[in-house]
Amino acid sequence: MYFTGFACTSCDATYGPKEDLLLCPKCSNLLEATYNLDAMKRELDRDALRRRSGGVWAWQDFLPIVDADAIVSLGEGGTPMLRCDRLARLVGVRELWVKSDAANPTGSLKDRSITVSATKAVEFGYHVLSCDSTGNKASSVAAYAARAGLASVVFCPEDTPVPKVMQSLFFGAKVIRVRGHYAQINAMYRRLIHSGRLKWYDCGTDNPYRYEGKKTYAYEIARDLSWQLPDRVIHPANGGMSIAKAWKGFRELHRLGWIDRLPKMSGVQAAACDPIVRSWLARDSTVAPIEKNPTVAGALAGADPGMLGARALDAIYNSGGAMVGVEDPEIFEAMKLLALEGLFIEPSGAVPIAGLRRLVAGGQVDPGERVVCVVTGSGFKDSDRIAEQVEIPIDVVEGYQAMLAAAEQVG
Ligand SMILES: [Zn+2]
């Protein structure tokens, strides 16, 4: 085990590897897991790891677990990394790869982190997993609770897409619908968790174990590109933790000497809910809450990313990346562009393609760049939005002759 515990991102407190922690007990800021990177450098071999099959848990040495018998897995991670030359030409960059986290077990990126928090819940002996969610995290928590034989409780905004609610319910979760938008529910949920009144394992915003799962983006991207890092990696940004943690993963690989350069970490938000974009444009180091407006990107409803947003900004500034906001029509166009490559992605998950187009048009991305866009959720997750984009044929043909006539009409 190389996991050595936690360091606070704000004060100088450190904690051991067996502690059940959320925020720093001393200053209530975010905690970050630490590892013995010197020992990892001596003992681990990148090419042996490259040959190891599996997704997230192929990187067990890089994850904060103590008991391997506790691992709760549905085969998450190891998602497709697809070179998309046609899309690259349409978007205007030299080389474009799409990493599709829609291929995760419950259809979204959340499985990558919830597998770790579910494992910690088993390690610590909890019986109930909980979270607040715009839908995808809820589905994932419900699935991993089921897999571990535990109960789950999830809090969702009332306008959560039906497929996401349905999925959570089908896995046996208690779904509590709450009035208000996500940032409001998140504030109340965190108050609930930190009240000490419930013996649930929080898989929500403040869990430092959960976020370590998101580092695996970096490992998979590096491995799948034979350790030749791209110029830029673009994620959708809600709270921004995927950006911050993928950046941590890349820096770990750099410290180990497995890669010789780091990518520019970039993020995309819906223009209707873009607090991190605003801070980035103002060159602020913190993120102030904003008023959220309606957007098709319902999973990107984090109007108050707080401490997480600051971590994302840190990654973006230090890597030389960018933040950009995109309008709903651009998001639909991005979904259609992904469909040209056979990818069925929900609006919130498709924003990196829309953001990349904007960054190219604005001259912030050089057309000679090699870019990886991470797309994060299946189109089935928000199918009503896609139903709006297509027209189901009204005519129904009957019998072979009619079928033949229709076929000949197609040509
Ligand atoms: Zn602290």
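Rings of Phe, Tyr and Trp (its six-membered ring) pair if their centres lie within 6.5 Å; planes under 30 degrees apart count as stacked, over 60 as edge-to-face and the rest as tilted. By this rule the chain holds 15 aromatic pairs. The structure is a predicted model, in which local features need pLDDT of at least 70 and side-chain atom pairs count only at pLDDT 80 or more, while totals for chains, interfaces and linings use all residues. Residues are numbered from 1 along each chain as its sequence is written, and side-chain values use heavy atoms, with hydrogens and water left out.

The chain as a whole comes to 16 helices and 13 strands; helices (H or I, at least four residues) and strands (E, at least two) are DSSP runs, numbered from the N terminus. Its radius of gyration is 21 Å, close to the 22 Å that the globule rule gives for 411 residues, so the chain is as compact as a globular protein of that length. That radius is taken over C-alpha atoms, and the globule rule is 2.2 Å times the number of residues to the power 0.38. Along the principal axes, the C-alpha atoms fill a box of roughly 75 × 45 × 45 Å. Of the 411 residues, 57% are buried, where buried means under 20% relative accessible area, exposed over 50%, and partly exposed in between (1.4 Å probe, protein chains only).

A zinc ion has four protein donors, Cys8 (SG), Cys11 (SG), Cys24 (SG) and Cys27 (SG), lying 2.3 Å from it. Donors are N, O and S atoms within 2.8 Å of the metal (3.2 Å for Na, K and Ca); water is not among the atoms, so sites may look incomplete. The four donor atoms subtend angles of 97 to 116 degrees around the zinc ion, which makes the arrangement tetrahedral; for four donors, that term requires all angles to lie between 85 and 135 degrees. In sequence the donor residues are spaced C-x2-C-x12-C-x2-C. Cys8 in strand 1 (residues 3-8) and Cys27 in the loop between strand 2 (14-15) and strand 3 (31-35) are 19 residues apart, and this pair links distant parts of the chain. Cys8 counts as buried at 10% relative accessibility, whereas Cys27 is partly exposed at 32%.

Back to the aromatic pairs. The ring centres of Trp59 and Tyr219 are 5.1 Å apart with planes at 35 degrees, so this pair is tilted. Trp59 lies in the loop between helix 2 (46-51) and strand 4 (81-83), and Tyr219 in helix 9 (residues 216-224), 160 residues apart. Trp59 is buried at 0% relative accessible area, and Tyr219 is buried at 0%. Phe124 and Tyr209 form an edge-to-face pair, 5.8 Å centre to centre with 65 degrees between the planes. Here helix 4 (residues 110-124) supplies Phe124 and helix 8 (residues 208-212) supplies Tyr209. Phe124 is partly exposed at 24%, while Tyr209 is buried at 0%.

Helix 10 (residues 241-255) is next. Its 15 residues should span 21 Å at 1.5 Å a residue, and its end C-alpha atoms are 21 Å apart, which agrees; the expected span is 1.5 Å times one less than the number of residues. Twelve of the 15 residues are buried, so helix 10 is largely enclosed by the rest of the structure. Among them are Met241, Trp247 and Phe250. Just after helix 10, Gly257 takes a positive phi of about 80 degrees.

Definitions and conventions. Four donors count as tetrahedral if all angles lie between 85 and 135 degrees; four count as square planar and six as octahedral if opposite donors are over 155 degrees apart and all others between 65 and 115; anything else is irregular.
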